[in-house]
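Here is a short report on one protein chain. Keep the sequence and the 3D view open while reading.

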Amino acid sequence: MSASAPSSPDALYAQDRTDQNDPAIRAAQEERLRAVWKPPSGLFLRWTDVNNNRVGVWYTLTAFGFMLFAGILALIMRAQLAVPDNDLVSANTFNQLFTLHGSTMMFLFAVPMFEAVSIILLPQLLGARDLPFPRLSAFGYWSFLIGGVFVTGSIFFDAAPDGGWFMYPPLTTRTDLSGLGADIWMLGLSFIEVSSVAAAVELIVGVLKCRPPGMRLNLMPLYAWYILVVAVMILFAFPPLIAGDVLFEMERLLGWPFFDAAKGGDPLLWQHLFWIFGHPEVYIVFLPSIALFAMLIPTFAQRHLLGYPWIVLAAVGTAFLSFGLWVHHMFATGLPKISLAFFSAASEAVAIPTGVQIFAFIATLWAGKVKWATPLLYAVGSLAIFTIGGLTGVMVAVAPFDWQAHDTYFIVAHLHYVLIGGTLLPLFGGLYYYWPLVTGKKLSDRIGRSAFWVMFVGANLAFFPMHLSGLEGMPRRVFTYPAELGIGGLNLASTLGAFLFAAGVLMICIDLCLSPTRPKAARNPWHAGTLEWLAMPEDEDWGVRSVPLIESRYPIWDQPGFVQKVDEGRYFLPDAEEMRRETIITSVIDARPIQVARLGTPSVIPMITAVALGSVFILTTYHLYWWALAGAIATLACVLTWLWTGTAEIPEKPEKPIGHGITVPLYLSGPSASGWWAMFITMMADATAFSGLVFGYYFFWTIHPDFPPADMPDPGVFWPMAALGLTVIGWAATVAAREIHARGQVSAARALLVLAIAVTLASLAAGLAGPWAAGMQPKTHVYPAIVWTLAIWTSAHAGIGAICQSYTLARSLGGKMTPAYDADVRNISVYMHFLLFTAIVTYLTIGLFPLASGGAAA
């Protein structure tokens, strides 16, 4: 902000945009915005699209398609189970069906759908022109599409995974029992997890840094709060599964025995890492649906939502407690009774914040003047179904009951009540609510209501009998059952209910197909009060006409003349004078404008990068390691090209006015900048994955009285401490280069970067030298295997650090980084902080922990 700008918020924003009184000025501004944001034309150029609105639509449609595919698989399974001793499909085919059904629903529909919807809605909810990294969103979409097609397409070649969506070792880690399907599942879904983390980075930075002026944290729409909470959950839930995937594939491809009990491994380690992801995953897919309730319930109650701060605290509390529930799925594994008591209590406690949210919605409806509409019908119906699932969840949270119901159809019923009531029906309600926002056309109320009742009856008919069949003793994951069990009638009812539910989904699909034939809906047809409804049926790709000043949680209702002022460009950034895509970056807490950010334009690089990275995972699946290495090199080249051409651009002028006497810079670096936040968030996810590997090391230590084994070599002290010392020097040289560069001593900073590169590469070699010199054989026992894994992980990150340092040096030599424009060196400093943390933990663990535990080194 310029020094001459008024200091008082009232004075800062009170001035009216008198120049906007001229229609010719407004028309010229709109023409420039239209030219800047116009969509690419032609099929090939569509692949270059990075606008979040259009990418979000592709994302949503693709996730919806995967949901339909998984639903068809479920119908085949229910047809097989309709009568006893059926032979519609074989046992092997049934195993593939239920594995792909669960994997697709959880990995390719539930999480990607919330991310896709958020990519569409968040810019509109925040009054932003776009999210801060539109090319990252495009990369995430292409990664999701490629990985999803690779995994789901395997069933057409009889190569689908068949070990369940949880893929428990040791059956799945033995290649003679599981075949290629396990590799397809593991590597394909690991690739999809990359897209999920990429979307989480985009959404977190978008919520924190792209809010409109005045939208303090306590004025954010609840949808933004929920998405922020869920995206942070992804950073801490998905990486442990990535760590487990690393160990899983190293056992399958290299024979390193992490889950082989005969060589010191333990299959329970996989269950811990999987369910540290798996139970928060339930809330990751549930909370965004609650977020949709938080948007549509005030609209149809025609009043502000009651209990706003309590709902925010409840959402945060739900997220926090969800990470203490993973053993909820492991009550039958023989864990100590004290741990069962703790996790049972935590599983019961999570019902409290969930209840707070639900009762706040009920109170809002009770206090308002309810207008019953199709979206509200879905919301209320889904709450009823979810409540049943929640009650059975409390039942299985009690360990003695869980011992009886575990791995029976009672658990299948509980899970589907939660997911249909907590995820699927709310999404259909959101679909009917937001379809006019996306397409400008309403869906049919008649078809929508009919579809709801068909699905509501179908869901209860399909899954309520499963409680009874489960209590009668029917195990889950079986492809048939004998007539003597006496549950044929219950299974037939479940099958009829499943097909009835599918008929309701088909009705919605027909409604969607008929939508283009209907007339345009009125603007804001539901008379909502939040920002996203500024959109007009013929809305342009730039989103809001001018970025508004926010003084209320429901500005359309509460701020006089708000819509007219936005439309006339009387707020901020109403023009595109330099013909660039731009949005306003604001401060995290109080949303004061601090930068105009230049956004990514259409580019084929995100798609090519996704294809290159996907080739690494796919080629590794088929053991084509040299080709996979070529794909990794191509990926690195694409990433460097992407960064070189599309980030940290030095602008043609230092700052620009955005209106109302406010002038803000066009370039920021350090903690105020979006790029710095993106790096920090990405490294938090990386550190969480690393913590999963460290957890594995200490898990083995806790279950073995002689870990590390006394008769096995260890990496010693010298090489790990040498690697740690070199990492410290490389970190210090990078940080010193950042500080000296900021003072204008460019040559000295470049020299320090050269030193940092050399020392960081030396730390890479030293990190691997310890286990190599000791002759540790990772195939013989889990101890050398986990030591090698930690050393390789840390050394690989040192190699990436050296690439980052080299890239920064090249940017300086190429004139793309100066003392005034130094985002590159500041961002890699964040990476080096995390590299130092990784090195400290790794080298102290593998170098000194054997001494402390009385192992071989002692």
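The sections below go through domains, helices, cavities and some local backbone features.

## Model and domains

This is a predicted model. The domain assignment gives two domains for the protein chain. Domain 1 is made of two segments, 50-288 and 529-668. Domain 2 covers 696-852.

The centres of domain 1 and domain 2, taken over C-alpha atoms, are 29 Å apart. The two domains touch: 25 residues of domain 1 are in contact with 28 residues of domain 2.

Helix α6 runs over residues 134-152 and has 19 residues. From first C-alpha to last, α6 reaches 27 Å, close to the 27 Å expected at 1.5 Å a residue. Most of α6 is covered, with 16 of its 19 residues buried.

Helix α21 spans residues 605-621, which makes 17 residues. Its reach is 24 Å from first C-alpha to last, close to the 24 Å expected at 1.5 Å a residue. Why is α21 largely enclosed by the rest of the structure? Because 13 of its 17 residues are buried, that is, under 20% relative accessible area. Just after α21, His623 takes a positive phi of about 65 degrees.

Helix α25 covers residues 746-773 and has 28 residues. The distance from its first C-alpha to its last is 40 Å, close to the 40 Å expected at 1.5 Å a residue. A positive phi comes just after α25 as well: Gly775 has one of about 70 degrees.

## Cavities

A probe the size of a water molecule, rolled over the atoms, shows where empty space is left. How many cavities of 30 Å³ or more does the structure hold? There are five.

The largest cavity has a volume of about 70 Å³. Its lining consists of Met220, Pro221, Leu222, Ala294, Met295, Pro298, Tyr308, Thr530, Arg553 and Tyr554. By class, that lining has eight nonpolar residues, one polar and one charged. Helix α10 (residues 268-301) supplies the largest share of the lining, three residues.

The second largest cavity holds about 60 Å³ of space. Twelve residues line the second largest cavity, and the closest to its centre are Pro436, Ala522, Asn524, Pro525 and Ala535. The lining of the second largest cavity divides into nine nonpolar residues, two polar and one charged.

## Lys263

Where does Lys263 sit? Its place is in the loop between α9 (222-254) and α10. Is the residue buried, partly exposed or exposed? Lys263 has 33% relative accessibility, so it counts as partly exposed.

With neighbours within four places in sequence left aside, Lys263 is in contact with Pro257, Lys779, Thr780, His781 and Val782. Lys263 and Leu97 are 166 residues apart in sequence. In space, they are 33 Å apart, C-alpha to C-alpha.

## Cis peptide bonds

The peptide bond from Pro169 to Pro170 is cis, with omega near 5 degrees. Pro170 lies in the loop between α6 and α7 (175-178).

Phe707 and Pro708 are also joined by a cis peptide bond. Omega there is about 0 degrees. Pro708 is placed in the loop between α23 (674-703) and α24 (718-742).

## Positive phi in two loops

Asp158 is not a glycine, yet its phi is positive, about 55 degrees. The residue lies in the loop between α6 and α7. Is Asp158 buried or exposed? Asp158 counts as exposed because its relative accessibility is 53%, and the cut-off for exposed is over 50%.

Ala591 also has a positive phi of about 55 degrees without being a glycine. Ala591 is found in the loop between β1 (582-586) and β2 (593-598). Its relative accessibility is 0%, so Ala591 counts as buried.

Conventions. Residues are numbered from 1 along each chain as its sequence is written. This is a predicted model: local features need pLDDT of at least 70, side-chain atom pairs count only at pLDDT 80 or more; totals for chains, interfaces and linings use all residues. Side-chain values use heavy atoms; hydrogens and water are left out. Helices (H or I, at least four residues) and strands (E, at least two) are DSSP runs, numbered from the N terminus. The expected span of a helix is 1.5 Å times one less than its number of residues. Buried means under 20% relative accessible area, exposed over 50%, partly exposed in between (1.4 Å probe, protein chains only). On a 1 Å grid over the protein atoms alone, a cavity is a set of points where a 1.4 Å probe fits but cannot get out, and a pocket is an open set with protein on both sides within 12 Å along at least five of seven lines; lining residues have an atom within 4 Å of a point. Grid points are joined across faces, edges and corners, and a volume is the space filled by probe spheres set on the points. Ala, Val, Leu, Ile, Met, Phe, Trp, Tyr, Cys and Pro count as nonpolar, Asp, Glu, Lys and Arg as charged, and the others, Gly among them, as polar. Domain bounds come from an automatic or database domain assignment. Contact means heavy atoms within 4.5 Å.
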